[in-house]
Amino acid sequence: MPSFSWRVWPALVLLLLPSLVAAEEASLLEGWHDVWLFRFLVNVLGYSTIIIPGYFLISYFKRTNYLETGSGFCFPLIKTCVFGSEAKTGLLDDVSVTPRNEADSGSSVKQVVKLIFCAAGLQVSYLTWGVLQERVMTRSYGSTTPEEAGEKFKDSQFLVFMNRILALTVSGLWCLMFKQPRHGAPMYKYSFASLSNIMSSWCQYEALKYISFPTQVLAKASKVIPVMLMGKIVSHKSYEYWEYFTAVLISLGVSMFLLSSTPSKQPSTVTTFSGVVILIGYIVFDSFTSNWQDNLFKYKMSSVQMMFGVNLFSCLFTVGSLLEQGAFFDSVAFMTRHSEFAFHAVLLSVCSACGQLFIFYTISQFGAAVFTIIMTLRQAIAILLSCFLYGHAVTIIGGFGVGVVFLALFLRVYARSRMKSGRRLAAPLGQKV
């Protein structure tokens with residue numbers, strides 16, 4: 001199948017998008033399989049071979065009222081995957097995670113130690129992850145001298161699979177070792193967040209081939225704008241005036257940084273345009289993921305159960321697509337040829353999985369505001385670290401733009417914490433009246 005696919009699909013892409021394909025310079029590409037749009041379409045086609053049959057199966061079970069008429073060995077599995085076991089309820093019902101008010105009853109020294117542990121865990125996990133991400137996607141392997149070109153790893157989807165398989169293992173073990181709330185959501189509903197999650201991760205890796213890491217970090221910081229838009233569309237949310245104000249500040253700061261950036265090492269502006277398009281894809285997919293997960297939390301589930309469900313489908317989608325393309329064994333062969341890459345890929349996955357666990361623990365112990373401050377600082381440090389390690393130049397205006405972005409992020413955290421504290425003070429007054 002792979003040999004047939006590589007012959008036919010390029011011609012289809014050429015017929016459908018001639019102007020875009022013609023814009024890509026031949027000197028930048030070794031073949032059709034190096035065009036990011038082509039790889040994107042191939043990945044989507046691979047996912048559709050799983051999604052379309054799954055859609056028809058789910059529709060069939062719902063149409064035939066299988067929940068009432070079904071029986072046999074497969075009934076519990078089909079019931080869990082298609083119908084679930086409980087109706088939507090509040091997220092906090094029967095959840096075994098210790099409430100933050102109880103955690104606050106400990107000594108101040110203990111709380112400080114916990115905070116340092118959480119901050120250190122998040123910083124180490126995600127700073128290491130960011131550095132490795134840029135190393136894997138922008139540098140070559142196997143060159144012994146500076147004159148040697150070496151071999152670059154190109155399949156972003158395999159890295160997504162590596163991250164998800166380890167995260168699935170870690171979250172599965174966590175669910176087995178620690179008591180979790182009774183799960184009630186239909187399993188297939190995780191597939192929506194899973195699909196958007198693997199697409200956003202793919203875009204995140206792929207974008208580094210065309211833009212610098214600091215640009216990517218700032219773009220990720222500005223995703224609050226599309227998240228708000230997606231929240232209005234998907235969840236019909238309303239926002240305060242300060243949320244719109246800080247969103248404008250973030251977009252202003254990002255624009256200052258992008259417009260003042262010095263020319264990159266990329267040999268043409270086409271690659272910069274491609275990087276921007278891929279980043280927009282990342283932001284859109286990631287915004288949908290967070291909003292869909294918010295809706296899923298209306299069922300009884302813990303964050304680790306969410307992590308397990310999303311990563312389960314992510315592994316199914318990515319391994320299926322990789323095997324259909326024949327890229328899975330090519331990537332494994334690359335790992336065997338370059339032990340350094342194998343080490344980086346495994347460490348990248350470990351940092352991603354551990355980082356997710358630190359996220360859940362930090363939010364449960366100290367709340368979302370403290371977590372956001374820690375992660376905002378992490379993004380600032382990541383930009384500085386990337387500039388130091390990989391030689392990215394930032395102008396004075398660009399640096400000012402970075403400052404505006406992080407100022408806006410801290411303003412969001414401050415305003416949100418003030419609003420929550422005001423609501424807590426208003427609640428007892430209402431009860432007295």
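Tutor: Let's begin with Leu-173, which counts as partly exposed because its relative accessibility is 46% (buried is under 20% relative accessible area, exposed over 50%, partly exposed in between, with a 1.4 Å probe and protein chains only). This is a predicted model, where local features need pLDDT of at least 70, side-chain atom pairs count only at pLDDT 80 or more, and totals for chains, interfaces and linings use all residues. Residues are numbered from 1 along each chain as its sequence is written, and side-chain values use heavy atoms, leaving out hydrogens and water.

Leu-173 belongs to helix H8, residues 156-177 (helices are DSSP runs of H or I with at least four residues, numbered from the N terminus).

Now look at the partner of H8. Helix H15, residues 327-337, packs against H8 at an angle of about 80°, and their axes are 10 Å apart (axes are lines fitted to C-alpha atoms, for helices over the stretch in contact, and angles run from 0 to 180 degrees between N-to-C directions). H8 is therefore roughly perpendicular to H15, a label for angles of 65 to 115 degrees. On the H8 side, Phe-158, Phe-161 and Met-162 make the contact, while H15 supplies Phe-328, Ser-331, Val-332 and Met-335 (contact means heavy atoms within 4.5 Å).

Finally, visit helix H9, where Asn-197 lies. Asn-197 is buried, at 16% relative accessible area. Leaving aside residues up to four places away in sequence, Asn-197 touches Arg-164, Thr-289, Val-310 and Ser-314.

Note on methods:
Helix = DSSP H or I, 4+ residues; strand = E, 2+ residues; numbered from the N terminus. Parallel < 35°, antiparallel > 145°, perpendicular 65-115°, else oblique.
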